[in-house]
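Thank you all for coming. I would like to walk you through one structure this morning, beginning with the chain as a whole and ending with a single residue.

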Amino acid sequence: MSAPRRAAVLGSPIAHSLSPVLHCAAYAELGLDHWSYDRFEVDEAALPGFIEGLDASWAGLSLTMPLKRAIIPLLDEVSATAASVEAVNTVVFTEDGRRVGDNTDIPGMVAALRERGVDKVESAAVLGAGATASSALAALAVVCAGPVTAYVRSPERAAEMRGWGERLGVDVITADWADAATALSAPLVIATTPAGATDAVTGSVPEAPGILFDVLYEPWPTRLAAAWSAHGGAVVGGLDLLVHQALLQVEQMTGRVPAPLAAMRQAGEAALASR
């Protein structure tokens, strides 16, 4: 019998996380009966102690807010992708005990877009300026050939987004959140805002919209995503992102490639439907 292997998602709050559903579905499909995946409520203050308390049975961790930056000083190595946005959402423990951090949100975004046929766009718009927005800019560095307009609520946020653009090699133009309705005419719109933040612009969805990537998965569909679909536009949702970034985590932690995308998505859809 194989020795038990453990993984988990850490964050605060964490009760809502779908990560256990997705990872356990992958383990079941891959026949990894000796693997388990849990969730733990861990804040920044408790993180160092939690990490130090892990034994050799642990294969990896998923990290959500507010831990994506707090974990970095506790790691032995950080991938170039994670370093580019100063955010780690994945830790893999190597056989020799090293802690290696990565960011699967960025390639997860790219993969979710490519799954819907989006390989390259001429320009894009980003709604919001939080941590997810910087990951969105990193993904746009891959799929967007031209400028990205970021719609933000303050001069400070505007400066941050321009800074991320310079760092990531993306031509970022900033605009005031009051003009967010104009974002919807872009070929690709990435909404990175909390639930309800884009409700006010739903009446401005154009007659022939491009592609909307709304990173929320609950509640779903958002009012913006519903209006977009009603106008015939293509919508990529938060569950698409969640599944693709989790798939990459499963592959890194287990070494099994490819991870079972269809089984993971089906499990996620079923879990959301039951809530």
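Among the contacts in the chain with a separation of 6 or more, 63% are made by residues 24 or more positions apart. Please keep in mind, as we go on, that this is a predicted model.

As for the elements of the chain, there are nine helices and twelve strands. The radius of gyration is 19 Å, close to the 19 Å that the globule rule gives for 275 residues, so the chain is as compact as a globular protein of that length. If we follow the C-alpha trace along its principal axes, the span is about 60 × 35 × 30 Å.

Is Arg 265 buried or exposed? Its relative accessibility is 15%, and because buried means under 20%, Arg 265 counts as buried. Which residues does Arg 265 touch, if we do not count those up to four places away in sequence? They are Glu 115, Leu 239, Asp 240, Val 243 and His 244.

How values were computed
Residues are numbered from 1 along each chain as its sequence is written. This is a predicted model: local features need pLDDT of at least 70, side-chain atom pairs count only at pLDDT 80 or more; totals for chains, interfaces and linings use all residues. Side-chain values use heavy atoms; hydrogens and water are left out. Helices (H or I, at least four residues) and strands (E, at least two) are DSSP runs, numbered from the N terminus. The radius of gyration is taken over C-alpha atoms; the globule rule is 2.2 Å times the number of residues to the power 0.38. Contact means heavy atoms within 4.5 Å. Buried means under 20% relative accessible area, exposed over 50%, partly exposed in between (1.4 Å probe, protein chains only).
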